[in-house]
Amino acid sequence: MIRIRRIFDLASPSDREALRQVEEILRARFLGIDEASVAALAERLRDPFPGRLRPVVFVAEDHRRVIGFASVLHAPDIAFFFLEYIATASVPQETSRGGVGAALYERLRHEARELGCRAVFLEAPAEQPGQADSEIQQLRARLRFYERLGVYVVTGTEYELPVRDGGARGPHL
C-alpha cells in the first residue's frame with residue numbers, strides 16, 4: 001500500500017532515511033543536477049526560514065521505500081507554494097508508476113489550500129542548444145506530466161526578465 005506523508009525535519013531516523021532515498025531519486029531523475037542543489041534540500045529542513053520560504057517535503061512510500069517525492073517552498077507571508085521538485089523512482093519502462101506523481105501533486109495542492117495559498121507555481125526550463133538528448137527527453141516528459149495535471153503556462157511577467165548587471169534578477173517572487 002502506498003502512503004504519502006510529510007517530512008517536517010530530520011529529527012527521526014525514518015525521516016533521515018526517507019530523505020536519503022529522495023536524494024537518490026533527485027540525482028536519477030534530474031540529470032545534471034549539482035550536489036549543492038541536492039544538499040540544499042536537507043539544509044532547508046534543518047534551517048527552514050533562512051530566506052523566508054518554509055520547506056515542505058512529501059514522500060510517497062511503499063513499505064518504507066520512497067517511490068516518489070515532492071519538494072515545495074511555502075511563502076506564508078504572500079500565500080503561495082513554489083514547486084521545486086516532483087519525481088518518482090525509476091521503474092522499468094514496461095511498468096506503470098500507477099499515478100504516484102499525480103497523487104503527490106494533488107497532496108501538495110491540498111496542503112496549499114489548507115494553508116490559504118492562492119497558487120502553486122513552478123518553473124519548467126526550456127530546452128537549451130547543445131543539451132544532451134536524455135535531458136531533453138526528461139524536460140519533455142515533465143511538460144507532458146504538468147499538462148496532464150492541468151498546469152498552465154503564465155507568460156508576459158517580469159519574472160521572465162533577463163539577469164541584470166551584477167547578477168540580480170528582478171523581481172524576485
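Reply: Happy to! One term to begin with: two strands pair if DSSP finds at least two bridges between them. Helices (H or I, at least four residues) and strands (E, at least two) are DSSP runs, numbered from the N terminus. Here S1 and S2 pair in the antiparallel sense over six bridges.

Me: What kind of model is it, and how are residues numbered?

Reply: It is a predicted model, where local features need pLDDT of at least 70, side-chain atom pairs count only at pLDDT 80 or more, and totals for chains, interfaces and linings use all residues. Residues are numbered from 1 along each chain as its sequence is written, and side-chain values use heavy atoms, with hydrogens and water left out.

Me: How many helices and strands are there?

Reply: The chain has four helices and five strands. Read from the N terminus, the elements go β-α-α-β-β-β-α-β-α.

Me: Back to the sheet, what order are the strands in?

Reply: The order is S1-S2-S3-S4-S5, in an open sheet with mixed pairing. At the edges are strand S1 (2-7) and strand S5 (119-122), each pairing on one side only. On average, neighbouring strands of this sheet are turned by 30° against each other, direction ignored. Angles use axes, which are lines fitted to C-alpha atoms (for helices over the stretch in contact), and run from 0 to 180 degrees between N-to-C directions.

Me: Which residue does Arg-5 stand opposite?

Reply: Arg-5 stands opposite Val-59 in S2. Val-59 also turns up among the residues with the most contacts inside the largest nonpolar core.

Me: What's a nonpolar core?

Reply: A nonpolar core is a set of buried Ala, Val, Leu, Ile, Met, Phe, Trp, Tyr and Cys residues joined through side-chain atoms within 4.5 Å. Buried means under 20% relative accessible area, exposed over 50%, and partly exposed in between (1.4 Å probe, protein chains only). In soluble globular proteins, nonpolar side chains tend to be buried together.

Me: How many residues does the largest core have, and which element gives the most?

Reply: The largest core has 20 residues, and Leu-19, Val-22 and Phe-69 are among those with the most contacts inside it. H1, H2, S2, S3 and S4 each supply at least two residues, and H1 gives the most, with five. A second, separate core has 18 residues, including Tyr-105 and Cys-117.

Me: And what does Leu-19 touch?

Reply: Leaving aside neighbours within four places in sequence, Leu-19 is in contact (heavy atoms within 4.5 Å) with Ile-7, Leu-10, Leu-41, Ala-42 and Leu-45.

Me: Switching topic: is Gln-21 buried or exposed?

Reply: Gln-21, found in helix H1 (residues 13-29), counts as buried because its relative accessibility is 11%. A polar atom of the Gln-21 side chain lies 2.7 Å from the backbone nitrogen of Val-66. Beyond neighbours within four places in sequence, Gln-21 contacts Arg-64, Arg-65 and Val-66.

Me: Where does Arg-64 sit?

Reply: Arg-64 is in the loop between strand S2 (54-62) and strand S3 (65-75). Arg-64 counts as exposed because its relative accessibility is 65%. Phi of Arg-64 is near 70°, a positive value in a residue other than glycine.

Me: What about the phi of Ala-79?

Reply: Ala-79 has a positive phi too, of about 60°, although it is not a glycine. Ala-79 lies in the loop between S3 and strand S4 (80-88), and is buried because its relative accessible area is 13%.

Technical notes:
Polar contact = N/O pair within 3.5 Å; in protein donor to acceptor, adjacent residues only side chain to side chain.
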